[in-house]
Amino acid sequence: MAKAVVYALLATAFILFMVFCPSKQHGHHDHLGLNRRLGFRDHVPVFDPFVAKMERYTEENGLGGHTHNLDLVEHRPMMDASEVEEVHEYFSDEGKLNLTLRLLSLFPLIDQAPKDSYISSNELKHWLTQQAVERLNYRTQKEMESYDKDGDGTISFSEYQPKFSSQDLEKNGMEHGEAGWWKQQFDNADADKNGTLTFNEFKDLLHPEDSNNSEIHKWLLAEKMKRMDQDKDGKLNFMEFSHNAYDSFKSYVEFETGGAKAPTAEEKFAELDLNKDNLLEVEELKPLLHYLHPGELSYTNYYASFLMSEADDNKDGNLTLDEMLDHDYVFYSTVYDAGDNEEDYHDEF
């Protein structure tokens, strides 16, 4: 019965948090605008690791939605005492997260280099990157547990894509979703070329946009080029570049620079065209990778800039504790549902 009470408390707290969190009351369209403008509808920003932990508990223990099944909860793994204490410490009896207490506890953790009672842009980016890396590792570990059927700590291609037979692999079909297409991605991630993927290699496969693997980068750009290459010559001419890649680049640059004018399409094309043949090859698109294929780690930079612009009242490039407390809702107004009322959207950027 004790288990049921604890999990019912956690589920109720999380559901009420979703209902009463200030994201539903203040500036909700701010993050929605950021996601829509920069195309991060699948990359949900999480500033507070406590919120991420709550999401995981509700997911792992079947506590999502608006119903509680105490019989099922009885069979879920138990939280340790410190985690139960956290739930009681930061939630009111009405299920509202105490944002002031959370920010008071987080501020000294973010203010590290130097520890000067200010949070700089770099400190904020470092903090958000830590959260993003932790989330990527968590997701990879969950997927690893699911795919690693023989329990050897690595993933073979047959474990990852068991639907493909040896005959499928011999055919080596390279159309999207075919055996050869998947095998190429797997082989790109297999950095040591031993036929199986370690944890980090599997993470690269699952999250290619956040990988440092040059072969994966080349594959991402080649796939992107296929969709932009209208005359199918394997390269981008100026018109193909200006109507596709340049638009994405321009949006990100304007956000990065606070609205400053981005290079023109002609200027950027000329800069990228290293061999001056008036065509762009995959290798020449590499400087645009994080604009064309931004991942969760790329997003931390944009999210940090957004938080800084919203909460830095005196525009000195640093956040004080008072500034964060005055704008507490900004740090907790994450968009959880991409289907929220689109009529409320305003593009501030």
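Tyr 291 is found in helix α15 (residues 289-292), where helices are DSSP runs of H or I with at least four residues, strands are E runs of at least two, and both are numbered from the N terminus. The structure is a predicted model, in which local features need pLDDT of at least 70 and side-chain atom pairs count only at pLDDT 80 or more, while totals for chains, interfaces and linings use all residues. Residues are numbered from 1 along each chain as its sequence is written, and side-chain values use heavy atoms, with hydrogens and water left out.

**Confidence**
- The protein chain has a mean pLDDT of 81, and 76% of its residues reach 70 or more; pLDDT is the predictor's confidence in each residue, from 0 to 100.
- Over residues 22-33 pLDDT stays under 50, and the model has 36 contacts beyond four places in sequence for them, a contact being heavy atoms within 4.5 Å.
- Residues 65-77 also have pLDDT under 50 throughout, with 21 contacts beyond four places in sequence.
- Where pLDDT is low, the predicted coordinates should not be read in detail.

**Tyr 291**
- Tyr 291 is buried, with a relative accessible area of 11%; buried means under 20%, exposed over 50%, and partly exposed in between (1.4 Å probe, protein chains only).
- Not counting residues up to four places away in sequence, Tyr 291 touches Ser 248, Phe 249, Tyr 252, Val 253, Glu 256 and Tyr 302.
- A distance of 9.8 Å separates the C-alpha atoms of Tyr 291 and Asp 247, which are 44 residues apart along the chain.

**Annotated domains**
- The unreviewed UniProt entry places the feature "domain: EF-hand" at residues 144-170, 177-212 and 260-295; UniProt positions follow the numbering used here, feature names are shortened, and annotations may be inferred rather than shown by experiment.
- Residues 177-212 are 53% helix and 6% strand, with end C-alpha atoms 24 Å apart.
- Residues 260-295 are 33% helix and 0% strand, and their end C-alpha atoms lie 23 Å apart.

**Helix α11 and Asp 204**
- In helix α11 (residues 199-206), the buried residues are Glu 201, Phe 202, Lys 203, Asp 204 and Leu 205.
- These buried residues pack against several elements, including α7 (121-147), α10 (179-189) and α12 (214-228).
- Leaving aside neighbours within four places in sequence, Asp 204 is in contact with Ser 211, Asn 213 and Ile 216.
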